[in-house]
Amino acid sequence: MEANTRSTGRLPAAFLTPGSSSFMDFLSHHSPDLLPGNRSLPPLQGAIEAPHGTTIVGVTFPGGVVLAGDRRATMGNMIAQRDIEKVFPADEYSAVGIAGTAGLAVEMVKLFQLELEHFEKVEGVQLSLEGKANRLSTMIRSNLAMAMQGLAVVPIFAGWDVDRERGRIFSYDVTGGRSEETGFASTGSGSIFARGAMKKLYHDDLTEQQATTLVIQALYDAADDDSATGGPDVARRIYPIVTVITDEGFRRLTDDESSEIARAILERRLTQPDGPRAALL
C-alpha cells in the first residue's frame, strides 16, 4: 500500500471513503501497529526505568477551570528532566494534563488532539465535552496492556462545557475508568499532598486569579513532601505550567505571569513555610 501511494502520488481509495468520525477507529483499521497500546514489548525482567511525569492539579471557578502541572520528570530516584511540559491544549475549549510514563503520555495526547480534530472535520461540529472525556477514556483503556507492565498513563482532562456553560474536570484510572470531579482534582505521585492543600483552600466563589494562585500553592505543597514533584525553580526560571479555560477558550499563562505568582508564594513561605492556614471552624 505504501509503495503504491509513493508511485502514484495518490492516497488509497479506502483513505478517502467516508467512515467513522473516530481517528482511532480509522487508524486501528488501516495501521493498527501505530496505536501505542498495540505495540509488543520484549519479555521483561524487573521494573522498567522510564521517565515519569508526576503531579497535575485542576480547579474549577465560576468562570471556567484551571489546569496546572509541575515541570519535573523522574526516572527511579533520578531527576530525568527539570522542565518537562505536562499540560497541553486538547482543542479550543479543553486541555489534558499527563502523569505517568512520559513518552507514552505525550504520544497519547497527540493522538487525542488528532482524534478531536478529525471528528470536527468529519462531522462539522465540535464533540461535546462529555464526548471528549469518553474518547480519552477509550484511549487510556487501549493502553491497559502497557499499564500492566508498568507503563501507565493517568491524565486529568478539563475544559469549558459550552452546553452547560461551566468548567468541568474529569479524572481517570489506568483501566480508563472516568470520574467527574467536583471543585478540584489531582493525579500523580504528589497528588495526595496537592489534594490536601486544595481541600483546605478551595471555595466555590474563587476568582480566576485566586484559582491560579491555589493550584501553584497546591503544587508547592506537593513538592514539599514528594521528591518526584518539582517546585518553582527560581535559579533556572522554571515555573509550573498553568492553563485557564473559559468561554473565551484555552489560554496558557505566560512565564512572567506564572513566575509572578510563584515568587509571591515563595516570599510568603519565608515567614510561613507550611503555607496558608485554613480556619478551624
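Buried here means under 20% relative accessible area, exposed means over 50%, and partly exposed is anything in between (1.4 Å probe, protein chains only). The structure is a predicted model, so local features need pLDDT of at least 70 and side-chain atom pairs count only at pLDDT 80 or more, while totals for chains, interfaces and linings use all residues. Residues are numbered from 1 along each chain as its sequence is written, and side-chain values use heavy atoms, with hydrogens and water left out.

On to the packing. A nonpolar core is taken as a set of buried Ala, Val, Leu, Ile, Met, Phe, Trp, Tyr and Cys residues joined through side-chain atoms within 4.5 Å. The largest such core has 26 residues, and Val 59 and Val 215 have the most contacts inside it. At least two residues each come from β2 (56-61), β3 (64-69), α6 (191-201), α7 (208-225), β13 (241-246) and α8 (255-269); helices (H or I, at least four residues) and strands (E, at least two) are DSSP runs, numbered from the N terminus. The top contributor is α7, with eight residues. Leaving aside residues up to four places away in sequence, Val 215 touches Val 57, Val 59, Val 66, Ala 68 and Val 242, a contact being heavy atoms within 4.5 Å. There is also a second, separate core of 24 residues, with Leu 104, Leu 116, Leu 151 and Phe 157 among them.

Next comes α8. Its buried residues are Ser 258, Ser 259, Ile 261, Ala 262, Ile 265 and Arg 269. They sit on the same side of α8 because they cover an arc of only 165° around the axis, the arc being that of the directions from the helix axis to the C-beta atoms. The cover over these buried residues includes α7 and β13. On the face turned away from the buried side, α8 carries the exposed residues Asp 256, Glu 260, Glu 267 and Arg 268.

Finally, the charged pairs. With a salt bridge defined as a side-chain nitrogen of Lys or Arg within 4 Å of a carboxyl oxygen of Asp or Glu, the whole structure has 16 of them. One joins Arg 168 and Glu 130 at 2.8 Å, N to O. This pair links distant parts of the chain, strand β10 (residues 166-172) and helix α4 (residues 129-142), with the partners 38 residues apart. Arg 168 counts as buried at 2% relative accessibility, whereas Glu 130 is partly exposed at 25%. Both belong to a salt-bridge network that also takes in Asp 161, Arg 164, Arg 166, Arg 178 and Glu 180.
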